[in-house]
Amino acid sequence: MTEPKARTIEITPSQASGSYSVQVGAGLREEICHAIPDSCRHVAIIADAQVRELWGEELLKALHPAHAEVHLVEVEPGEASKCRETKARIEDELFGIGMG
């Protein structure tokens with residue numbers, strides 16, 4: 001059986017003024033470093049503790065060949081962490097490492 005190829009889908013949240021593209025499909029983790037331009041100095045992975053536990057180290061390894069410094073920013077799992085305070089903490093952390 002052949003695995004489905006990656007495809008790009010457009011996401012438009014109901015409360016947002018714009019949209020963004022997301023790639024989905026099998027094998028993307030292994031190819032992710034090729035999506036990072038050589039001029040990129042920093043890459044941030046923002047994930048909750050559960051996602052970090054499942055995929056964090058694997059993503060860090062997959063991004064290692066990229067020419068950028070990779071940072072993992074962890075947030076608390078659940079809807080309660082989707083708030084202005086968490087957004088501010090993420091921004092502070094990203095600014096502190098030279099992103100922004």
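A salt bridge is a side-chain nitrogen of Lys or Arg within 4 Å of a carboxyl oxygen of Asp or Glu. In this predicted model, the side chains of Arg 89 and Glu 93 form such a pair, with a distance of 3.3 Å from N to O. Arg 89 and Glu 93 are both in helix 3, which covers residues 84-96, and because they are 4 residues apart there, about one helical turn separates them. Arg 89 has a relative accessible area of 35% and is therefore partly exposed. Glu 93 is also partly exposed, because its relative accessible area is 32%.

The structure holds 5 salt bridges. One of them joins the side chains of Glu 74 and Arg 52, at 3.1 Å from N to O. Glu 74 is in strand 4 and Arg 52 is in helix 2, so this pair ties together parts of the chain that are 22 residues apart in sequence. Glu 74 counts as partly exposed because its relative accessibility is 31%. For Arg 52 the value is 33%, so Arg 52 counts as partly exposed. A further salt bridge links Glu 79 and Lys 82, whose closest N and O atoms are 2.9 Å apart. Glu 79 and Lys 82 are both exposed. In general, side chains of opposite charge can pair when their charged atoms come close.

The chain as a whole is considered next. Its secondary structure consists of 3 helices and 4 strands. Read from the N terminus, these elements follow the order β-β-α-β-α-β-α. The C-alpha trace spans about 45 × 35 × 25 Å along its principal axes. The chain has 100 residues, and 21% of them are buried. Among contacts with a separation of 6 or more, 54% are between residues 24 or more positions apart. The accessible surface of the chain is about 7700 Å², and carbon and sulfur atoms account for 53% of this surface.

In soluble globular proteins, nonpolar side chains tend to be buried together. The largest nonpolar core of this chain has 9 residues, namely Cys 33, Ile 36, Val 43, Ile 45, Leu 59, Leu 63, Ala 66, Ala 68 and Leu 72. Strand 3 (42-48) and helix 2 (49-63) are the elements that give two or more residues to this core. Apart from neighbours within four places in sequence, Val 43 is in contact with Ile 36, Leu 63, Ala 68, Glu 69, Val 70, His 71 and Met 99.

His 71 belongs to strand 4, which covers residues 69-75. The relative accessibility of His 71 is 12%, so this residue counts as buried; the cut-off for buried is under 20%. With residues up to four places away in sequence left out, His 71 touches His 42, Val 43, Ala 44, Ile 45, Ile 97 and Met 99. Between His 71 and Ala 44, the C-alpha to C-alpha distance is 4.8 Å, although 27 residues separate them in sequence.

Nonpolar residues also occur on the surface, where Val 51, Leu 54 and Trp 55 form a patch. Together these three residues have about 290 Å² of accessible area. Val 51 is in helix 2, and because its relative accessibility is 38%, Val 51 counts as partly exposed.

How values were computed:
Residues are numbered from 1 along each chain as its sequence is written. This is a predicted model: local features need pLDDT of at least 70, side-chain atom pairs count only at pLDDT 80 or more; totals for chains, interfaces and linings use all residues. Side-chain values use heavy atoms; hydrogens and water are left out. A nonpolar core is a set of buried Ala, Val, Leu, Ile, Met, Phe, Trp, Tyr and Cys residues joined through side-chain atoms within 4.5 Å. Buried means under 20% relative accessible area, exposed over 50%, partly exposed in between (1.4 Å probe, protein chains only). Contact means heavy atoms within 4.5 Å. Patches are made of residues with over 30% relative accessible area and no salt bridge: like charges are joined within 9 Å, nonpolar side chains (Val, Leu, Ile, Met, Phe, Trp, Tyr) within 5 Å. Accessible areas come from the Shrake-Rupley method with a 1.4 Å probe; for residues, only the protein chains shown count as cover.
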